[in-house]
Amino acid sequence: MSAATLGDDELLSRHVGGDPDAFNELLARHRDRLWAVALRTLGHPEDAADALQDAMLSAYRGAAGFRGGSAVTTWLHRIVVNACLDLARRKAVRPTEPLLVDPASDRPERDRVGERETSLAVMSALRTLPPEQAAAVVLVDIEGYPVNEVAEMLEVPAGTIKSRCARARARLAEQLRDLAPGATGWNDANPPRVQPRARNGEEPA
Amino acid sequence: MSDDHLSLNELAELDEDLLPPERAAAARSHLDGCAQCQAGAESITVTRTALGELPAVTMPAEVQARLEQALADEATGPARSTTIVPNVVDLPRRRFGRPTMAASAAAAAVVLIIGAIVVAKVDHHSNGAGSGDAGTSAAGALAQVPSNQVGNPNFPTSTSGVTYTPTSLPADVEDLLNTAGHASAGPAGVPATTLPVPTATASHKASAPSTTSSGTHLGGKPKPKSSGGHFSAATEGIVKAPATLPAALRPLAASRTSLLACAEHLAPAVGTFPIAIDFARWTAPAIGTTPAVRDAPSLIVVFPYSGNTYLVDIVAPACDDSSIRQFQQVTLPN
């Protein structure tokens, strides 16, 4: 049976059992989603790569500790998000770094005028969120995971996820509203205003 | 109340149904007649939509290659149970501050550690090591050091000049301890004497196969030890600067007092001494925010911990609060 047809659980079991290819297959299967979460939570490709490497090595080594009960993807996301939050907490604020250009937004000729600018503005605004809020809103609003699943990933109550998302949206709306008096578009004439990310990552009272 | 405009926070909470019922009712009634707040509510909706419409991303090829390489390096490493995440275990009484890792990484590490360690029965007649107020229960159990393994100030040193790496560390530590006479477990604290030069081949052949949970790989690559390396008994005190001694380490190698101060600084518990220190080098890829280092002169300081598990500090020559390059638990085969 080829690895490609196995379930995530089976791949993880095989990895624990010594199959040298199983973990790579698992990673290949989920890497884009995990990358998206890391990139958008941290806002920097280098940071995202660092966090993802930490996370994948942790997962590789800690696979035997996976208890089931939740999906392998939930477990992988938990490790990735925790690595991201940890890295964000340890890093100092870097307000002067250039704005992130979302790699995907570099694709030429998107089918909607202004999409690139919108994407850029949203990504820039995301960088200003405390990491916990960024992670929540990335998982729920961008990646589209159900609140309950995100709560399981982050091991906090669903209400906490909703609250973080609400606060994140309010902050993002504040910034994006400045860019879009008509509330429908952003443009080069009004580049995004970017505030440094909250230093300690604490959520406002 | 209904005359007060709603903040974006309140509007977002209303949207998520997070407001208490009375507050929500008042907010809705205000919203019905307030164009400004309706615009605010609209901006929350627009934001959600904009987030949902971000284009998909794919992992860049170079990141993919980097991850695959990191996993390949991990796979070729020794299968002895090791916890390689740097700075992951914040033991009580460590005198150096160590950044803590995220809960899951720490939890994963604890799982590995608990899986690997047979927590030794502790006699409390030692000089305080292993007793006292441990932080968390898990860390507390782990921090207990058997009283017959706290080492003593006459720990042996060696000057292998070998370059240790994260993957070779367990095998190198095993070599070091075999040579220092501790690996096959005699109680630490046996007065150090002049020790023979280790030979990597012999000690690797002597290694038992791994018994880790993953068991995906066996043994590290044999690393030829420099024939110039030698151990010196504590009573000799000073290493006679063999060619393998990196210049940056000379001050520590030349002064037993400095070395003892350094060891005390690193000790996991008061009164715990290393069972071996090697003057060597360290090469490691960047992990997280820890930059990559290559052949950096480093002290390899091995503390007894529990059973066959040792705490290994890789320390820059300054041996001060920012000198710990890596801190790792190594469990050797029986």
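Predicted model: local features only at pLDDT ≥ 70, side-chain atom pairs only at ≥ 80, totals over all residues.
**View 1. Helix α3 of chain A packs with helix α4 of chain B at about 35 degrees**. The crossing of the two helices is right-handed. On the α3(A) side, look for A:A49, A:D50, A:L52, A:Q53, A:M56, A:L57, A:Y60 and A:R61; from α4(B) come B:V63, B:R66, B:L67, B:A70, B:L71, B:E74 and B:A75. Sorted by class, this contact holds 10 nonpolar, one polar and four charged residues.

**View 2. Helices α2 and α6 of chain A cross right-handedly**. Here α2(A), residues 22–42, meets α6(A), residues 131–142, at an angle of about 135 degrees, with 9 Å between the axes. The pair is therefore oblique. A:V37, A:R40 and A:T41 are the α2(A) residues in the contact, and they face A:P131, A:A134, A:A135, A:V138, A:L139 and A:I142 of α6(A). By class, the contact has seven nonpolar, one polar and one charged residues.

**View 3. The largest nonpolar core has 54 residues**. Good places to start are A:W35, A:M56, A:W75 and A:V80, the residues with the most contacts inside this core. Elements giving two or more residues to the core include α1 (8–16), α4 (72–90) and α8 (158–179) of chain A, and also α4 of chain B.

**View 4. A:W75 and its contacts beyond four places in sequence**. Elsewhere, a second, separate core of 21 residues includes B:L245, B:A253, B:L266 and B:V301.

Definitions and conventions
Residues numbered from 1 in each chain as written. Chains lettered and ligands numbered in written order. Heavy atoms only, no water. Axes fitted to C-alpha atoms, helices over the stretch in contact; angles between N-to-C directions. Helix = DSSP H or I, 4+ residues; strand = E, 2+ residues; numbered from the N terminus. Left-handed = near helix turned anticlockwise from the far one by under 90°. Contact = heavy atoms within 4.5 Å. Nonpolar A, V, L, I, M, F, W, Y, C, P; charged D, E, K, R; others polar. Parallel < 35°, antiparallel > 145°, perpendicular 65-115°, else oblique. Core = buried A, V, L, I, M, F, W, Y, C linked by side-chain atoms within 4.5 Å. Buried < 20%, exposed > 50% of the residue type's maximum accessible area, 1.4 Å probe, protein only.
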